[in-house]
Amino acid sequence: MSVVPEGLSHWIEVDLDKLAANFSAVQDLVQTPVIAVVKNDAYGFGAVECAKTFVAAGAAMLAVTTLSEALELREAGITAPVLVFLPPQADEAAYFAEYGLTATLDGIDTLQRLAATPGLACHLKLNTGMNRFGANMSELPELLRALADCSNVRLTGVYSHLATALEHDEAFARQQLAEFSRQRELIMQAGFKGVCFHLANSAGALKFPAARFDAVRLGSVLYAQLNLARQFGVTLAEPFCAKAKVAAVRELAPGDTVGYGREFAAKRSMQVAVVPFGYGDGFGVQAGARPITVKDSVQTLSRNLGKLALGRYHRFVYYQDKTLEVLGRVAMQTLLCDCTGLDIKVGDVVKVPLRRTAASARIPRVYLRSGAVCAVRSPLAAVFRRG
């Protein structure tokens with residue numbers, strides 16, 4: 001069913017039924033309790049509605065990176081257990097206790113910051129090779145003794161994180177698994193009972209059954225962002241689609257130019273559609289998570305030169321089953337595309353390819369169940385509650 005919201009020029013549709021289906025498909029495979037990761041606004045999907053959907057689907061716990069992300073869930077009425085990945089600062093401990101949040105404990109220093117606040121639950125983060133947060137094996141005995149003596153802080157979980165679960169070479173991931181297993185034995189021998197051990201992220205949960213332990217932390221796979229799932233017989237539904245209503249249609253004569261810098265000049269009579277999506281919304285934005293190397297630069301240059309030589313270096317939006325080339329330079333909140341001969345009118349809807357985690361949080365999120373709008377995150381949300 002095509003949904004065209006009233007009062008919105010551009011929006012992101014999130015199909016909650018498909019999110020729930022992805023959750024169930026992966027849980028059926030791993031047969032392990034799931035900690036659903038909704039960090040970074042649920043990977044751009046919207047944390048509150050996604051969290052509600054995953055909890056209803058059976059998530060044992062939610063996980064976020066920051067305290068502010070966790071408080072957003074609590075303020076929305078979500079009462080499920082929430083793990084916060086960042087170890088708390090001294091001035092944050094009281095919030096963890098007040099809102100019933102689970103803190104990450106990564107060493108003696110953090111324990112000392114938490115020790116004066118009663119009623120705290122924590123998951124101990126172990127460093128098995130990621131070297132980001134976590135206690136090393138050498139400091140673990142002292143930390144466990146301190147935990148046993150600290151009446152205010154209760155250990156309810158232990159976890160670590162796989163650095164290379166997506167890589168073809170599995171050696172380091174298996175090394176981390178072995179290290180975590182050794183640390184797990186030490187913790188159990190120290191007398192800690194009822195502790196939830198979790199190591200596997202999305203890729204690790206699929207590839208390494210031995211890494212599933214008491215729970216798995218699923219993020220990208222729930223949002224259909226892990227092609228690896230196909231290798232394990234898991235079919236993921238696509239729950240995300242960015243859309244916009246055409247804001248204007250213009251006629252160009254040969255020689256007319258469009259946009260900043262006049263980077264595109266019409267060689268023929270054309271029609272162009274103005275679409276209210278730009279780089280400020282995340283269109284064309286790519287995250288640079290890896291360091292730039294000479295090899296990467298050469299490969300990127302070669303690919304780009306090849307695209308230019310073949311005439312394939314273009315960006316597109318989509319109208320029904322048609323591909324519309326984006327013309328000239330993309331502006332902050334608008335782009336122009338070639339709609340010649342398609343009889344596109346103002347108000348017609350186009351689909352816009354968008355990197356989810358780069359999507360602006362200001363873009364309204366429209367949530368669907370059974371093909372109908374069930375929630376809207378937007379200043380205009382009241383429009384959908386009329387009547």
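## Salt bridges

Ten salt bridges are found in a search of the whole structure, a salt bridge being a side-chain nitrogen of Lys or Arg within 4 Å of a carboxyl oxygen of Asp or Glu. The structure is a predicted model, in which local features need pLDDT of at least 70 and side-chain atom pairs count only at pLDDT 80 or more, while totals for chains, interfaces and linings use all residues. Residues are numbered from 1 along each chain as its sequence is written, and side-chain values use heavy atoms, with hydrogens and water left out.

## Arginine 356 and glutamate 238

One of the salt bridges joins the side chains of arginine 356 and glutamate 238, at 2.5 Å from N to O. Arginine 356 lies in the loop between strands S18 (349-352) and S19 (365-369), and glutamate 238 in the loop between strands S9 (216-218) and S10 (240-245), so the pair ties together parts that are 118 residues apart in sequence. Helices (H or I, at least four residues) and strands (E, at least two) are DSSP runs, numbered from the N terminus.

Arginine 356 is buried, at 11% relative accessibility, whereas glutamate 238 is partly exposed, at 35%. Buried means under 20% relative accessible area, exposed over 50%, and partly exposed in between (1.4 Å probe, protein chains only).

## Two further pairs

The side chains of glutamate 263 and arginine 329 also form a salt bridge (2.6 Å, N to O). Glutamate 263 is in the loop between strands S12 (257-258) and S13 (264-265), and arginine 329 in the loop between strands S16 (322-327) and S17 (335-338), so this pair ties together parts 66 residues apart in sequence. Arginine 329 is partly exposed, with a relative accessible area of 39%.

Aspartate 338 and arginine 268 meet in a salt bridge as well (3.1 Å, N to O). Aspartate 338 belongs to strand S17 and arginine 268 to the loop between S13 and strand S14 (270-275), 70 residues apart. Aspartate 338 is buried at 17%, and arginine 268 is partly exposed at 41%.

## Helix H8

Helix H8 (residues 171-189) contains 19 residues. Its buried residues are Ala173, Gln176, Leu177, Glu179, Phe180, Gln183 and Ile187. Seen down the axis of H8, these fall within an arc of 170 degrees, so they line one face of the helix; the arc is taken from the directions from the helix axis to the C-beta atoms.

Just after H8, glycine 191 takes a positive phi of about 100 degrees.

Technical notes
The expected span of a helix is 1.5 Å times one less than its number of residues.
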